[in-house]
Amino acid sequence: MTPDEKKIYNKEYHEKNKEKSLQYMKEYREKHREKIAQQKKEWYGKNREKLSQQQKEYRQTPQAKKSNTISCWKKQKIIFHDWDLLYDIIYTLTSHCDHCNVFLEGNGSNRKCLDHDHSITDSDNVRNVLCLSCNVKRG
């Protein structure tokens, strides 16, 4: 059998026997739990620095910053119908506080905060993009 033929055969076999394969893998994992855990531990030990570097690099990407920001909003119980719109248009393009008009920058009292109404729990509750100072005063 050529490698391509073998690939096609294997794919067809696994599609026909999907339940059987899943059951086999489940039993294998249960039977060899300690061995698998040890292999994972060894692999992580060998690749820790590489993974750490990759994670640091990823956290600096626009995609990671957006994902982290939206995740934090959800934890704060902010509700909005379109997270991409909220982040891409409203949040990133707002350069001044909607209340005091100060320029929004950095991580101090002039950093961006998404103000929302805590009493609304079943529909959009976003009010403004404010500086930290105005958000605390309003809160």
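You're looking at a predicted model, where local features need pLDDT of at least 70 and side-chain atom pairs count only at pLDDT 80 or more, while totals for chains, interfaces and linings use all residues. Residues are numbered from 1 along each chain as its sequence is written, and side-chain values use heavy atoms, with hydrogens and water left out.

**Cysteines**

- A disulfide is a covalent bond between the sulfur atoms of two cysteines.
- Here it is counted as a pair of cysteine sulfur atoms within 2.5 Å, and the count comes to zero.
- Take Cys 97: the closest cysteine sulfur, in Cys 134, is 3.7 Å from its own sulfur, so that's too far for a bond.
- For Cys 72, the closest cysteine sulfur sits in Cys 113, 12 Å away, which is also too far for a bond.
- Cys 97 is buried at 3% relative accessible area, and Cys 72 is partly exposed at 31% (buried means under 20%, exposed over 50%, partly exposed in between, using a 1.4 Å probe and protein chains only).

**Helix H5**

- Helices (H or I, at least four residues) and strands (E, at least two) are DSSP runs, numbered from the N terminus.
- H5 spans residues 83-93, and its buried residues are Trp 83, Leu 86, Tyr 87 and Tyr 91.
- These residues cover an arc of only 90 degrees around the axis, so they're on the same side of H5 (the arc is that of the directions from the helix axis to the C-beta atoms).
- The buried residues of H5 pack against helix H4 (62-75), strand E1 (112-116) and strand E2 (126-131).

**Asn 125**

- You'll find Asn 125 in the loop between E1 and E2, and it's buried, with a relative accessible area of 2%.
- Leaving out residues up to four places away in sequence, Asn 125 touches Lys 77, Ile 78, Ile 79, Asp 115, His 116, Asp 117 and Ile 120 (contact means heavy atoms within 4.5 Å).
- Its side chain reaches the backbone oxygen of Lys 77 at 3.1 Å.
- A polar atom of the Asn 125 side chain also lies 3.2 Å from the backbone oxygen of Ile 120.

Notes. Polar contact = N/O pair within 3.5 Å; in protein donor to acceptor, adjacent residues only side chain to side chain.
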